[in-house]
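Please keep the sequence and the structure open while reading.

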Amino acid sequence: MRHDSGKGASAYPDHIEDLRVRLMNQLFSLLESQTRTRSFASSISALVRRVHGEILENFEQVLARIDDPVTVAMFRKAITDCQSLDMAFEKLVDERQRQWYKNGKYLKSVVDELGDTTSYLASVLVEKGLLERQSQVLENIIFSHEKVSQWKEFVQEILIGFHEIFPFNFFFIAFAEEHGLSLYFYYMGNYSDAAKQEVRGRLAKDMLSQLGLPDNALLDIEEYEIPCEVNLIDVCDIKMITVPVPDQAYGLDGLLGIAYASVNTLTAQEQAIVRSLLSVMVMVVGSSKVLSRTLSELEYYSIHDPLTGIHNRRYFNDMLEYEIGRSERHNHQFSVLLLDLDDFKDINDLYGHPLGDEVLKIIAESITSHMRKGDIATRMGGDEFAIILPETSPEGAKVAAESIRANLQSIAFKTPTEKAFHITTSVGIISYPRDMQTVEDLMSGVDVALYKAKGLGKNEVCEFDAAAHLTQIMRDSRSFVEDLRLALREERIQPYFQPIVDCKTGEVFAYESVARLIETDGKITAAGQFIETIEKYGLGRELDRIMVRKVIEANKAIMQTQGRPKRLFINLSAQEIQGRGILGYAEELCAQLEVPPSSIVFEILERDAIGDITHMGKFLTNLRKKGFAFALDDFGSGYNSFHYLRELRFEYVKIDGAFVRNIVNSRIDRALVRNLSNLCQELDIMTIGEFVESEEIFDLLKSMGINFGQGFHIGLPLDSLPDDKI
């Protein structure tokens, strides 16, 4: 490793070692001095004892020759005093020896502790410059939609900074996949093909062993070269540092690591820094791979029907618009077929939805097998299919429609008891530019042709007749619009409230307010029968204001009886994103009625939310400033890009009921809903599963981590808020 001064990363440990040696030398000098003093004192003590003994012995000899009692007494006292001094001196010497021994033992422990302390400091001390460059690498790890979707290239960017800290030779990623082992090798610098082959062989074998995979497992290898200067001593000297990818965190099983060839052994500090950066790389690679995989799956299902695998309504609409432009430029004509299976509901009712799903799959396969290359087949929803026939005249479209209808009628399906049954199909045909010239008119006209075929007794093919039908269509449409305008003026729009429950506790969490039209004869009409006309003729704002006022008033009434408001979801039209006047209106109502804005959650369809992200961002900012929350409806139904998840923040998303209602029988729908749930959990967004039509669906949603459920199984819409507490 390198640091700013140009010295090795071991400079700091070497400095500590020098300090340790100096202190050790001083302590050993002190210990040696004490030992010498102790030895010298012992010699002096022995000399004192010997000389003093000789003096006492001389006193005894002199005393033997003296007869004077007084003199004898004086000598006896002197001898006794000397003996007392001998005893005191012995005690002094013993205490001195004990203190010397104690001090020596203490000095030895100080020496040992100093050695341990300096060793510990050497193992944990990290160079300041090294830490600064580590921080720079971490600061550059910023996630974005582009980097997540191109995570392999994102890794290369990070490795360049990583390499500045530790000049390794190879970086590798290994993931245990269903098909075997996926390996990603990043070569830091240029290596010969022979060196690469040797590296692949050695590292792959090690990773198979660490992941518990057989030696003959299938290897899927991708390699990248990153320009840099690095020296490879010998492939045989390669050393590895690996960090596992935690399976419980990312749903992956794998390894990340570096490999290097060096004559120097990594210090403890270097290994700590490398492992810490590898741990961050685990987060980067693990999260990026999971999100990239999820986004790929979601992008696939954004244009494909999860059940049949053919394209969906969104893709059909895009391609129909494209085909209009292409045909206009090249002066071509094309036709559209709309197919509806006759009495398909009976199959679901008699034999169950699983068999109905199998029938739909077989029908989709049959339709696609009878198409030309370039024809576009889609499942529009339920038992309805549509086909775009490019460069096809009305006559050719009729031939194709008759062929498809006859083929579908000839298929023999089997009941669970092996009893055969057949289905019939009604087909409507419309052609561009003969019949209609816009997407809306083409779809409206082919729908009329289809229902004419139904009216003729089903199992029929019928072309659109503009002269016979256009006037009636317009007359009926205008009449209905005027009826709706009158209903809005008379405020014959009433909110109904459907419960949303907590999947974990089963308790009511909130209510969605859905619009109902009260006809002049008292008949109740659901929003699904008039909402498209409301949107088409620009009546959404009037509807929204009526609903917002009545819902907030209902919340005020419940506050007066229960003492606190309920959490209520209110649908908004796309027009309100543009105008945003509804927020001021709602804020003013909440202030007047003293209803907290936090009890109101505004809800808008995903297609409308992502259709105008610029206005949507401003709308959400204003919405949250005023205290309201936001829910994204029909999440997963029609997106082909997820960059808006970075641009916009939602409190709730409501997963499209078309996926939820089939999760019991459809493995694809289960996978899709599970991935949507995981994605929202990663982003801290609450999820609501719509169309909960059975306890089995509710239990599956709960197991997938969906937060809340809504549907007829949980509760039907009621004309007033129930007297419960949430």
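The buried residues of helix H12 pack against strand S7 (334–341), helix H11 (353–369), strand S9 (384–389), strand S12 (425–432) and strand S13 (461–463). The model is a predicted one, and the points below are grouped by element.

**Helix H12**

- H12 covers residues 394–410, and its 17 residues should span 24 Å at 1.5 Å a residue, which agrees with the 24 Å between its end C-alpha atoms.
- The buried residues of H12 are Pro394, Ala397, Ala401, Ile404, Arg405, Asn407 and Leu408; they lie on the same side of the helix, because they cover an arc of only 165 degrees around its axis.
- On the other side of H12, Glu395 and Val399 are exposed.

**Strand S14 and its partners**

- Strand S14 (residues 493–502) is largely enclosed by the rest of the structure, because eight of its 10 residues are buried.
- S14 pairs with strand S15 (residues 508–518) in the antiparallel sense over nine bridges, and within this pairing proline 499 has tyrosine 511 of S15 as its bridge partner.
- Five residues lie between the strands in the hairpin of S14 and S15, where glycine 506 takes a positive phi near 80 degrees.
- S14 is also joined by two bridges to strand S22 (residues 708–709), with the two running antiparallel, and valine 501 has glycine 709 of S22 as its bridge partner.

**Nonpolar cores**

- The largest nonpolar core has 50 residues, and those with the most contacts inside it are Val548, Ile552, Phe602, Phe619, Phe630, Val673 and Leu701.
- Apart from that core lies another, of 29 residues, among them Leu337, Ile347, Val427 and Val461.

Conventions. Residues numbered from 1 in each chain as written. Predicted model: local features only at pLDDT ≥ 70, side-chain atom pairs only at ≥ 80, totals over all residues. Heavy atoms only, no water. Buried < 20%, exposed > 50% of the residue type's maximum accessible area, 1.4 Å probe, protein only. Helix = DSSP H or I, 4+ residues; strand = E, 2+ residues; numbered from the N terminus. Pairing = 2+ DSSP bridges. Core = buried A, V, L, I, M, F, W, Y, C linked by side-chain atoms within 4.5 Å. Expected span 1.5 Å × (residues − 1). Arc of directions from axis to C-beta. Contact = heavy atoms within 4.5 Å.
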